[in-house]
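Trainee: Please take one part of this model and look at it closely. Then set it against the rest of the chain.

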Amino acid sequence: MIHIKRIECPEVLDFSNPDSEGSKELQEAIKHFEKDDRNFEFKAYKKGNVKEILETMFNYKCAYCESRISPVTYGDIEHFRPKKAYHSSNDEDLKYPGYYWLAMNWENLLLACDTCNRTYKKNQFPLLDDNNRKKRHDNDIIEDPKLIDPCDEDIDPQDYMYFTKEGIVKYIGEEGSKGDISIHVYGLYNPKLTENRKELAIDIEDKKTLILGYLKRISKLTKASNAEELKEVIESDVKDLEIVYNSLNRINLPTAPYLGMVNNLTADFFTEYGPIIEKLLSRFNQLTDNN
Ligand SMILES: [Zn+2]
């Protein structure tokens, strides 16, 4: 999981416009839930370009597990705080109503894959203190969720969890911490997902090993007494190094999956070797340009 910066609210959900679909539905919902705790069909969040804006914002990846959503599935518009009903865990009965006043609230919407949304999180919304739960639109309670909102400006999901070279996710802190509960509720430990991450992790480690091998060889060859004769071999090594280095950089692009793990496995490497490689490549490219 990584932090995602929320972009501007779509027009249909703009509460500053009393005639927007969002504003109108909010008023209808408030009225409805005064007398009935269910049986309301929320539609505003599905209108206009809400889904497209979420897809752009999340780079077509799940807010929780960071898997690529397209092209094989459609992905869901996910409500961080459940709109119809909630419970602290799947072992409890559902409680009605849910956070009906947030069903059309832009700040509550995320993009999630079917697995995270429908198999794992579903209606779960655990709080640190369940007695401190906001149950009506006009309560002035400030809740303390046990779940990480990837769009929360004040927290970085990477302070709560990390990934091993085997693609395994681990929480930071104590058992029952925000990281632990989020991993559990979002199903970030699920075996198929872990297998996907593992494949990428192996690829990353292989690329790092290759790069270090090239660096070592290039350094040795350039220091050799017959370096001039080895020019072509060195050039070829630098070219190969560049290919692997660029490919490792592409794994870090915002559109790439599992960036939380990628960051864990590459940040130190880039800090240590990035400047050396960049310098080497720029020197080499200058030389070849001049030839
Ligand atoms: Zn997911």
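Mentor: Terms first: helices are DSSP runs of H or I with at least four residues, strands are DSSP runs of E with at least two, and both are numbered from the N terminus. On that basis the protein chain has 7 helices and 4 strands. Their order from the N terminus is α-α-β-β-α-β-β-α-α-α-α. Residue numbers start at 1 in each chain and follow the sequence as written. The model is predicted, so local features need pLDDT of at least 70 and side-chain atom pairs count only at pLDDT 80 or more, while totals for chains, interfaces and linings use all residues.

The part I pick is helix α6. Helix α6 covers residues 231-250, 20 residues in all. The expected span of a helix is 1.5 Å times one less than its number of residues. For α6 that rule gives 28 Å, and the end C-alpha atoms are 29 Å apart, which agrees.

Now its faces. Burial is a count of other C-beta atoms within 10 Å of a residue's own, with C-beta atoms placed from the backbone: 20 or more is buried, 12 or fewer is exposed, and anything in between is partly exposed. In α6, the buried residues are V238, L241, Y245 and L248. Viewed down the axis of α6, these buried residues fall within an arc of 85°, so they line one face of the helix. The arc is that of the directions from the helix axis to the C-beta atoms. The other side of α6 carries the exposed residues E232, S236, I243, N246 and R250.

Compare α1 (21-32). Its 12 residues should span 16 Å at 1.5 Å a residue, and its end C-alpha atoms are 16 Å apart, which agrees. Buried in α1 are E21, G22, E25, L26 and A29. Their arc, seen down the axis of α1, is within 125°, so they too line one face of the helix. Q27 and K31 are exposed on the other side of α1.

Helix α5 (residues 191-223) has 33 residues. Its first and last C-alpha atoms are 48 Å apart, close to the expected 48 Å. Its buried residues include L193, R197, A201, I204, I211 and Y214.

I276 lies in helix α7 (residues 259-290). I276 is exposed, because 11 other C-beta atoms lie within 10 Å. Its C-alpha is 18 Å from that of L265, a residue 11 positions away along the chain. H184 sits in helix α4 (residues 178-186). With 19 other C-beta atoms within 10 Å, H184 is partly exposed. H184 and Y171 are 13 residues apart in sequence, and their C-alpha atoms are 9.9 Å apart.

Next, the loops. Most residues other than glycine have a negative phi, and most peptide bonds are trans. N39 has a positive phi of about 60° and is not a glycine. N39 lies in the loop between α1 and α2 (50-57). N39 is exposed, because 10 other C-beta atoms lie within 10 Å. N59 also has a positive phi, near 50°. N59 lies in the loop between α2 and β1. N59 is partly exposed, with 17 other C-beta atoms within 10 Å. The peptide bond from Y96 to P97 is cis, with omega near -10°. P97 is in the loop between β1 (76-79) and β2 (109-112).

Finally, the whole chain. The domain assignment, which is automatic or from a database, gives domain 1 (11-187) and domain 2 (192-290). The domain centres, taken over C-alpha atoms, are 39 Å apart. Contact between the two takes 14 residues from domain 1 and 17 residues from domain 2. Two residues are in contact if their C-beta atoms, placed from the backbone, lie within 7 Å. Among contacts between residues at least 6 apart in sequence, 64% join residues at least 24 apart.

The protein chain has a radius of gyration of 24 Å, whereas a compact globule of 291 residues would have one near 19 Å. The radius is taken over C-alpha atoms, and the globule rule is 2.2 Å times the number of residues to the power 0.38. Along the principal axes, the C-alpha atoms fill a box of roughly 90 × 40 × 35 Å. Buried residues make up 33% of the 291 residues.
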